[in-house]
Amino acid sequence: KSTPSGRWQRAENGWNFFLSSVGSFFYLVGSSLFLPQIYAPVTALICFMVASTCIITAQCWKLYRAGLAPATSVRETSATIMDLTSNRRPEMIYSVANYQKDFSGFLVDFFVIFGALGYLLGSPMFFPSTDVNNTINDTAATIFTLGGFFYICSGTAMFYRYMFTRNYPH
């Protein structure tokens, strides 16, 4: 769309994808820093925390935008509608009911948030000053593993979405 609203939507999408890309880049850098030839674990953990923060922010922003719909097309259900409109899009309102249009897409983004949260919460527990006994190490590894599990759930939801639904741009 060449309307101001259309340009704003494209700009939002662009910034959202950019933020996700920055997060993915920091995951890559952080993973590389664990290679034996480089081995810089503290810097790697900081990269993981920056990456997770970027990913969580991008995915929450994306989920919020997915919950917006023109006021005329939102299903009016009890207590699910919050008027979060702004001056730039007064016709848009947020509703949890909007996620039903593309529930598998919602699950993809929802699980990514929890995957990144697992990495964000687990990373500081691996710092040498914090990782002082097996209990802390095991807890950190469990939180990290849960983060990985949620990323797998996201990938599974994405596979389902692309293979078995028509809720994505072709």
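The largest nonpolar core of this predicted model consists of nine residues, namely Y27, F48, A51, I55, I56, V112, A116, Y119 and F144. A nonpolar core is here a set of buried Ala, Val, Leu, Ile, Met, Phe, Trp, Tyr and Cys residues joined through side-chain atoms within 4.5 Å; buried stands for under 20% relative accessible area, exposed for over 50%, and partly exposed for the range in between, with a 1.4 Å probe and protein chains only. Helices α2 (41–66) and α3 (103–122) each contribute at least two residues to this core, and the largest share, four residues, belongs to α2. Y119, a member of the core, touches Y27, F48, S52, F144, G147, G148 and Y151 once its neighbours within four places in sequence are set aside; contact denotes heavy atoms within 4.5 Å. As general background, nonpolar side chains tend to be buried together in soluble globular proteins.

Turning to the overall fold, the chain has four helices and three strands, arranged along the sequence as α-α-β-β-β-α-α. Of the 170 residues, 34% are buried. Among contacts between residues at least 6 apart in sequence, 63% link residues at least 24 apart.

A closer look at strand β3 (residues 92–95) brings up S95, which sits within it. S95 is buried, at a relative accessible area of 0%, and a polar atom of its side chain lies 3.1 Å from the backbone nitrogen of A97.

The model holds zero disulfides, a disulfide being a pair of cysteine sulfur atoms within 2.5 Å. C47 counts as buried because its relative accessible area is 8%, and C153 does so because its value is 17%.

As for confidence, the mean pLDDT of the chain is 86, and 86% of residues score at least 70; pLDDT is the predictor's confidence in each residue, from 0 to 100. Over residues 76–89 the pLDDT is below 50, although this stretch has 23 contacts in the model beyond near neighbours in sequence. Where pLDDT is low, the predicted coordinates should not be read in detail.

Local features need pLDDT of at least 70 and side-chain atom pairs count only at pLDDT 80 or more, whereas totals for chains, interfaces and linings use all residues. Residues are numbered from 1 along each chain as its sequence is written, and side-chain values use heavy atoms, with hydrogens and water left out.

Terms used. A polar contact is a pair of N or O atoms within 3.5 Å; within protein, one must be able to donate a hydrogen and the other to accept it, and residues adjacent in sequence count only if both atoms are side-chain atoms.
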